[in-house]
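Please read the following report alongside the sequence and the coordinates.

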Amino acid sequence: MSKTRSAVFFTICILLVIGLFAMNIVMGSTSISVGEIMTILAGKAEGTSASIILNIRLPRAVAALVLGGALALSGYLLQTFFANPIVGPYVLGISSGAKLCVALMMIFVLSRGKHIGLALMIVSAFAGSLIVMAFVLAISVKIKSMGILVVCGIMIGYICSAITDFVVTFADDSNIVNLHNWSLGSLSGIGWKEIRVFTVVILLCLIISLSIIKPMNAYRLGENYARNAGVNIRMLRVVLILVSSLLAACVTAFAGPISFVGIAVPHLVRSSLKTDRAGIVIPASFIGGSIVTLLSDAIARSVFAPTEVSISSVTALLLVPVVIYVMMKRKKDR
Amino acid sequence: MAETGIKTEHLNIGYGSDLIRDICIEGAPGKVVTLIGPNGSGKTTLLRTLTGELKKRGGVVYLNGKDQTEMSAYDIARSMSMVMTEKIKPELMTTREVVEVGRYPYTGKLGILSEEDKAKVQDAMEQTDITALSDSYFAKLSDGQKQRVLLAKAICQEPDVLILDEPTSYLDIRYKIDLLNKIRNIASAKNIAVLMSLHELDIAKKISDIVVAVGDGKVLKIGTPGEVCTESFIRKLYNIEGVESELLGDQYWVSDEGKSDAPLLTENKHSKNPENSRKAKVIMIQGTMSNAGKSLVAAGLCRIFANDGYKVAPFKSQNMALNSYITDEGLEMGRAQVVQAECARVRPVAEMNPILLKPTSAMGSQVIVNGKVVGNMKAMDYFRHKKDYIPEIMKAYEKLADMADIIVVEGAGSPVELNLKDGDIVNMGLAEMIDAPVLLVGDIDRGGIFPQLLGTLDLLTKKERERVKGLVVNKFRGDGKLFESGIKILEDKGMTKVVGVVPYMDLKIDDEDSLSERFTNKTVGEFDIAVIKLRMISNFTDLDTFDQIKEASVRYVEKPSELGNPDLLIIPGSKNTIGDLRELKKSGLFDVIIKKAKEGTVTIGICGGYQMLGETVDDPEGSETGGSETGLGLLPVKTVIGSEKIRTVYGGEIVSATGILEAIKGSPVTGYEIHMGETHPTEELQEFTSGKTGYCKGNVYGTYVHGFFDKKEILQGVVNAVSAANGKSVDTKAAEDYTDRKEVVYDKLAENLRSSLDMEYIYKILGLNK
């Protein structure tokens, strides 16, 4: 890893983030000129256009930025934990677990005629992701094979999605119909209130992650050498599990499951940077996740506009080839 | 307890159930401790327990004197590092990053390395020769490179204890030797306690200071390689008793005889001498005649250099002597170099004396080359062939030169035996081959010091004369100042510096020459010690310590009539207990011993002698002669001779003493055990030496411990008690511990030499600046 390489990488990434962020604000079914947007952003205009920009496009772009980063970071932490580059919150079923719990909680709360609070959303998503995580951990203790771990994760994900589908199908309250869109993954409908909540949680997670870069680096040499470097292994593992689950839960609670960002982005970052130093890969993955999610959301909104495609479908299309490439390359290196 | 290093007390380890119980081992700074044992014996489990990977099942692990369980993870990381067998595959992690992890216990929260940390990483990488791999990805390295990287990581962690699990597995011979040499060097350079497991016995034998053998769920043996890696023990440990195969050989063990505690010279070991990392400096001592005192001067120089921190090896290309020494490897060499090696504090190896001639008749000798007999030769033939041995001599010398900082070479006889000078391989010829500066030693005691030194110089060729860098006047009686005018004459006429005038020293150093004298001594002193002269007597040095007591006489008894009325009757060790018992019965000594003992004479049996004191000696497996023989019946014990030879260093105490020796109860006992049998009491009996190594009843005492009298407490205690009982008064105050005395003699020799020789000048001609 050379310093120039990372400098170039971060410069390009920041430019891409700015560019994509701007594009996501400019682009949309209602055409609003750049000049107009500037006035709106300066707070000097009112009306429908201003409302579209300030209450729909801007929060959506911010959500893509923050949630995308959170997903990629969650994936990186999980990959470190399992010492396995083909895991992520989605393939391990953690996102689906969170989804199921949120769905159940929504139906339960809505059936009593109340509105679900943001905190409750996050808590139930977190609970769901932890339950699945516990399953996955139990399997990983019994079976050391990376492949089987991933297959089990995907199976668990399917089970959770299936149950979610049943629940959604048989609940006929009109509010629950909205659940259907959410359960496929979408950044629409996220408002400033939500953004404020999850940004705080995610930034907290990011800070915690950055505070454990030293034990994470040592952990790359395996549990025993890390212990010999003075790392408290149990503490590190608990932190990795809790933080990655909380990140995945946050994303799922607000945007539904977004596939493959967590697994593919850290890999793309590592291979462009040619290093796996946690101190660099953590911020790089976060930015990388933002870029991919901003781009995917732009595509999801615009390709069949005005109809919106689920963002998960776009990320799958973009990123599954990357995942397959990683798996094939690893096979070759053996 | 050692302040630094690792120590376990009654440690039990295993998964789910105990795999090894009651492990008490210790690793001291700068020492290499090696675990050996068959597959599955628990070596790796033990190491994993020590590193904290596995939970111990009982006992305590002390790290630098602290209980490991009470230390924080970072404290442990700062005291102990490791290289284990598990294969790690960190992706996209460069070699340098891997090594840097070693500094993590010292860095802040974010693991950012300071300049100092970086320098230490660089230093560790240089020491392990991996700087060129700095930016390569660890996962892409070869196994040998990976091991070196992990070693670098472990070193820059600056541990006090380094744990390595099979560090040489998967490595080819070059990497294997390279890695182990590095481990050895680093252990001594950085004073790290190294604890590792090894499958390669041949290497374990050479690299270790201490070998720990595990098997059968326990630690079977701890000791120096010479003590543990004996053929019978290794065969038993790995269950290959009786297995003969071309693939098995001497390299895996040492022959069952011989003992040595001194460290082995190892290649490229850390030396005090930085510019000299490969070849040793050399100095040669030649004499004007036989017995001019070359050996002593060489021995004294060995000790001086060793005391100054150098690694020293003695060397003499050719010895002629009747008595030889058997090294730990089972090779023969001359005794003078053994003494010199002891002075240098290294283990004697055959390379120190590549050619040994043992006269077999007035005309011929047995020729032993590098420790092995090559045949008998007449003097004429040898003289004709001796040039053929130059490659062997040089090979031996080169090997030592790779291992030591300084080689002290001793010449033989006079360098100017003009009729024999052609093809000389012992004096100037050798000096030429190895390019050694020469000190010429003359003996003033025998007179004619001027013709000795000046005449010798005169007879040397001009080239040879230039090699002589200094003259030594040896064995000067009286005040050295009186010879100042003589020095001036020698220096003017010889045009060579006089390096020193060495006073006459009466030092008892090696006993081999006086051995026959001892056996024939029949004089009875004030305190009379009678030793039964067994035909197969072994380890006669057991009684040398009595020399310290002026009034005591040690005489060897062969016939009943010679026994007389001794104060102390000793039955020494035997190489063949049953055979010697039969001899005793034949000679009639058997009955007189019983008679004397029954009269109340203090009777002590050591090893074989102890076995004889008992009721019966059985040899069911035919390890010695086979059969069974009734013993003296003075102690109610029975001995069964087995096939396993017990060879351990002994440290214990007198548990209880009956009869006259009651006063020595509680005294410390040191020594060693070499025996094949086990002796058990047949009735309730007082334990004599601890560890069930001996029993006593009345005035009859038996012990397996050789060197029993070496401790001054025992020597003084026994002599005082016996003389008091016999109404005599013997002065024992001057007695010291025997092994210490030998060291005292060596140190005194070195001290005398240092004060009489111009050491600064000697270091200068060696090419070393002090």
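The text below describes a chain contact, a sheet and a helix in turn.

This is a predicted model, in which local features need pLDDT of at least 70 and side-chain atom pairs count only at pLDDT 80 or more, while totals for chains, interfaces and linings use all residues. Residues are numbered from 1 along each chain as its sequence is written, and chains are lettered from A and ligands numbered from 1 in the order in which they are written.

**Interface**

Between the two chains, 22 residues of chain A are in contact with 23 residues of chain B, where contact means that C-beta atoms placed from the backbone lie within 7 Å. On the chain A side, helix H9 (213-219) and helix H10 (223-228) each contribute at least two of the touching residues; helices (H or I, at least four residues) and strands (E, at least two) are DSSP runs numbered from the N terminus.

Chain B holds 24 helices and 36 strands. Of its 770 residues, 48% are buried, that is, with 20 or more other C-beta atoms within 10 Å of their own C-beta, whereas exposed residues have 12 or fewer and partly exposed ones lie in between, the C-beta atoms being placed from the backbone.

Six strands of chain B form an open sheet in the order S13-S20-S12-S21-S22-S23, with parallel pairing; two strands pair if DSSP finds at least two bridges between them. Strand S13 (312-315) and strand S23 (498-503) of chain B are at the edges with a single partner strand each, so one side of each has no neighbour in the sheet. From one strand to the next the twist averages 20°, angles running from 0 to 180 degrees between N-to-C directions of axes fitted to C-alpha atoms, for helices over the stretch in contact.

Within this sheet, S12 and S20 of chain B pair over five bridges, and B:Ile283 has B:Val408 in S20(B) as its bridge partner. Helix H24 of chain B packs on the sheet, touching S12, S20, S22 and S23, and its direction makes about 115° with that of S12(B).

| Element (chain B) | Residues |
|---|---|
| Strand S12 | 281-287 |
| Strand S20 | 406-410 |
| Strand S22 | 468-476 |
| Helix H24 | 759-766 |

**Helix H20 of chain B**

Helix H20 (residues 589-599) of chain B has buried residues B:Leu589, B:Phe590, B:Ile593 and B:Ala597. Because these cover an arc of only 105° around the axis, they lie on the same side of H20(B), the arc being that of the directions from the helix axis to the C-beta atoms. The face turned away from that buried side carries the exposed B:Lys595 and B:Glu599. Among the elements covering the buried residues of H20(B) are helix H19 (577-587) and strand S24 (527-532) of chain B. After H20(B) comes B:Gly600, with a positive phi near 110°.
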